[in-house]
Amino acid sequence: MLKLAYKALADRKVRSVLTILGITIGSAIILSLIASSSGLSAGITSNIQKTGANILTIRNSGGFFSAGATNTYQLSQTDVSYLEGLAHVIDAYPYYSYSGSVVSGGSTLSTTVVGINLAALPVLYNGLTAAQGSIPLSGDVTAAVVGWDIANPVSGTPIGLHQMVQMTVSGTGGAKTGGTPLSVLANAILKQYGTALSSNVDDTVFISFQAAALLAKTAYFTGIYVVVDNTADVTAVQNTITAHYGSNVRVISPGTVLSSLQSITGQLTVFLGAIGAVSLFIATVGIVNTMYVSVMERTKEIGIFKAIGYRPRQIMAMFLTEAALTGVIGGVAGLILGYALSFLMGGELAGSTLSFGRGGFGHGGVGSASAVVPVFSTELIIFALTFPVLLATVAGLYPAWRGSRMNAVAALKYE
Amino acid sequence: MMNRGTNHPAVEVVNVTKTYRVGHTDYPALRGVSFKIEKGELASIIGPSGSGKSTVLNLIGALDPPTSGKIFVDGVNLRKLNEDQLALLRNRKIGFVYQSFNLIQRLTSIENVEMPLIARGTPEKIRRIRASHLLKMMGLGNKLNKKPTELSGGEQQRVAIARALVAEPAIVIADEPTGNLDSKTTMEILNLVTQMNRAKGITFVLVTHNMEVAEMTHRIISIRDGLVEKEQVLHRLDSFTNEAKAIVPPIPVQPQTREPAPYTSPVLITHR
């Protein structure tokens, strides 16, 4: 039966290929859209989840969207004490964050300098480990923990363990122009990690909180990380803090970021999926048309089949097999094309979220510069292979039924 | 399948009428036709065009129902069968051979011959064996994988006959089987038909307007104006096959599976 169907399709090559092409394109579009938007969503989710769902970031609201705003609330040790005293809060870690540059072997790399209690790094960044050395536990002012990309620049000399790191830090409270020079010792080189807590760890040099405070010449922090004892209590703690500060600070929780981003990517998926669905629908109408013409053209053949003793349902099955085969070929081709297409699209999506991320979260950006890796779940692949077959078969139903109902004598006379 | 041991005729037509309605006008194609064709006979239906002979063929071929009257094929009353059962009957008891061969152009000889067996779900291995055996018998052993366009008219008709025979039918209905062939090929095909008739005891019904062809058969049913005008039962005419044997080498005859139809003295039955 399958061989007969194949021969029938092969007999009308151009038309069959065009029909299959319609299915292929429709299915490939849907597939690549779903794969890359769920890849985008998964990428964002994994970046956010690295942080741990139990960590809140407190920033003063001024510096967040309007960089130059004055008279903004400043976070200080008072706030740390307040936050530490809240129910369900285990710890509060104030931090300083500056942009800077590392001079290494003649080339200059942009970096983020974060001053924080270095011992807290493994708590704040899930699974963060040192590739070389160990993350210092004491507040040594000369200590530094260096991100992978800074230690291993694309060009220039890598920074070795216990080596001096020469930096220029700009935007510190006391520095005027040109930035403040800073020299620290690389106590640990981090393994590649990616983006978490709205910055790219790999581009970051972590220094001790004490060193950063000296550098800043101010008692005001860039932000405070709050560690909540239980993920379930995060919202409650967030609400308490928001109630206390009002609009003075902004409380960022992984959950809120996640849900808003997921709703955006979800809408994107629905919208793009709808476009694909329309193209598949058009392809389906194309199959109905092709099958109908094919049945009419083969009227005489149907007459022969009837004379030979094919039952109506066998004749119907014959045409439906042809339609289904069209769907199978279109589906497989669509899967391959969709796979290729999704990687192209992944790059585009990465480009667009990069700017979104930078705008919303200061340095780093959630999207990060890496391309979105499309996600082909088993369900998606099964769907991609079965749905076109189902559509094609449904499209073939009416023409096949018409064929099976033909009058044998009239069909045999047909020329 | 062959209903061996029972005594009914291969085809029995009892008082059959067929009226075609075009618009509001009725065209009576058959106006009360009765005849019998015995098992193992090689019969012919003759008549001028428009006489209703093709209608008779469609009716006994179970392709079209009569307006009134009864038709029995191998003892089965066609009126009692639904569409699926009619298809099954065509598949198991009837083989068709057409003037224009009616082969499926995109399929090879062997695939065309296999088609009736596919309909009944015969396993591929058995289909292949039976189809290739038949085609070899027809002298087409080297054309198994050729498509109809690569074959001559006579070869195509032999493929069509193989297709009609592959399901071991009780009767083979042939509508002007030599109408598109030259006289030499006509003799080849007729020789083949008589050999199959004798070797396998298969009943053949030839529809023809060629009197010479008709006279080579055992029974001639003449139809005119929708009625049986004349029915003749003739002697078996061996001379024709001997003549044809000079042209076509004889087909190896299989051991006879059935008694040939009994032939008595020539009878001339004239209706009305």
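**Figure 1. The hairpin of S9(B) and S10(B) in the predicted model.** In the hairpin formed by S9(B) and S10(B), two residues lie between the strands, and B:Asp225 adopts a positive phi near 50 degrees. The model shown here and in the views that follow is predicted. Strand S9 covers residues 219–224 of chain B, and strand S10 covers residues 227–233 of chain B. The two strands run antiparallel and are joined by six bridges. One pairing that may be located in this view is that of B:Ser222, whose bridge partner in S10(B) is B:Lys230.

**Figure 2. Strand S9(B) and its parallel partner, strand S3(B).** Strand S3 of chain B, residues 42–46, runs parallel to S9(B), and four bridges join the two. Within this pairing, B:Ser44 stands opposite B:Ile220 of S9(B). Strand S9(B) is mostly covered, with five of its six residues buried.

**Figure 3. The surroundings of B:Val213.** B:Val213 belongs to helix H7 of chain B, which spans residues 211–214. This residue counts as buried because it has 22 C-beta neighbours inside 10 Å, where 20 or more are required. When neighbours within four places in sequence are left aside, the contacts of B:Val213 are B:Ser44, B:Thr178, B:Leu190, B:Leu206 and B:Thr208. B:Ser44, named among these contacts, is also the residue that stands opposite B:Ile220 in S9(B). A further residue for orientation is B:Glu176: it is 37 residues from B:Val213 in sequence, and the C-alpha atoms of the two are 9.8 Å apart.

**Figure 4. Helix H5(B) and the elements that cover it.** Helix H5 of chain B comprises 13 residues, 153–165. From its first C-alpha to its last it reaches 18 Å, close to the 18 Å expected at 1.5 Å a residue. Of the 13 residues of H5(B), 12 are buried, so the helix is largely enclosed by the rest of the structure. Among these buried residues are B:Gly154, B:Val159, B:Ile161 and B:Leu165, together with the charged side chains of B:Glu155, B:Arg158 and B:Arg163. The cover over the buried residues of H5(B) includes strands S6 (94–98) and S7 (171–175) of chain B, as well as helices H3, H4 (124–137) and H6 (183–200) of chain B.

Figure 5. The largest nonpolar core contains 121 residues, and B:Ile60 and B:Val205 have the most contacts inside it. Helix H11 of chain A, residues 312–361, contributes the largest share of this core, 13 residues. Leaving aside neighbours within four places in sequence, B:Ile60 is in contact with B:Val11, B:Val13, B:Ile71, B:Val73, B:Ile173 and B:Val205. Apart from this core lies another, of 61 residues, which includes A:Leu83, A:Val169, A:Val205 and A:Ala212.

**Figure 6. The side of chain B that touches chain A.** Contacts between the chains involve 17 residues of chain B and 13 residues of chain A. On the side of chain B, helices H2 (83–93) and H3 (109–119) each supply at least two residues. H2(B) gives the most, with six residues. By class, this side of chain B has nine nonpolar, five charged and three polar residues. Helix H3 of chain B, seen here at the contact with chain A, is also part of what covers the buried residues of H5(B). For the complex, the predictor gives an ipTM of 0.83 and a pTM of 0.67.

Figure 7. Chain A has 13 helices and 12 strands, and chain B has eight helices and 11 strands. Of the 415 residues in chain A, 46% are buried; of the 272 residues in chain B, 47% are buried. Among contacts in chain A with a separation of 6 or more, 82% are between residues 24 or more positions apart, and the corresponding share in chain B is 74%. The pLDDT of chain B averages 84, and 84% of its residues score at least 70.

How values were computed
Residues are numbered from 1 along each chain as its sequence is written. Chains are lettered from A and ligands numbered from 1 in the order in which they are written. This is a predicted model: local features need pLDDT of at least 70, side-chain atom pairs count only at pLDDT 80 or more; totals for chains, interfaces and linings use all residues. pLDDT is the predictor's confidence in each residue, from 0 to 100. Two residues are in contact if their C-beta atoms, placed from the backbone, lie within 7 Å. The expected span of a helix is 1.5 Å times one less than its number of residues. A nonpolar core is a set of buried Ala, Val, Leu, Ile, Met, Phe, Trp, Tyr and Cys residues joined through C-beta atoms within 7 Å. Two strands pair if DSSP finds at least two bridges between them.
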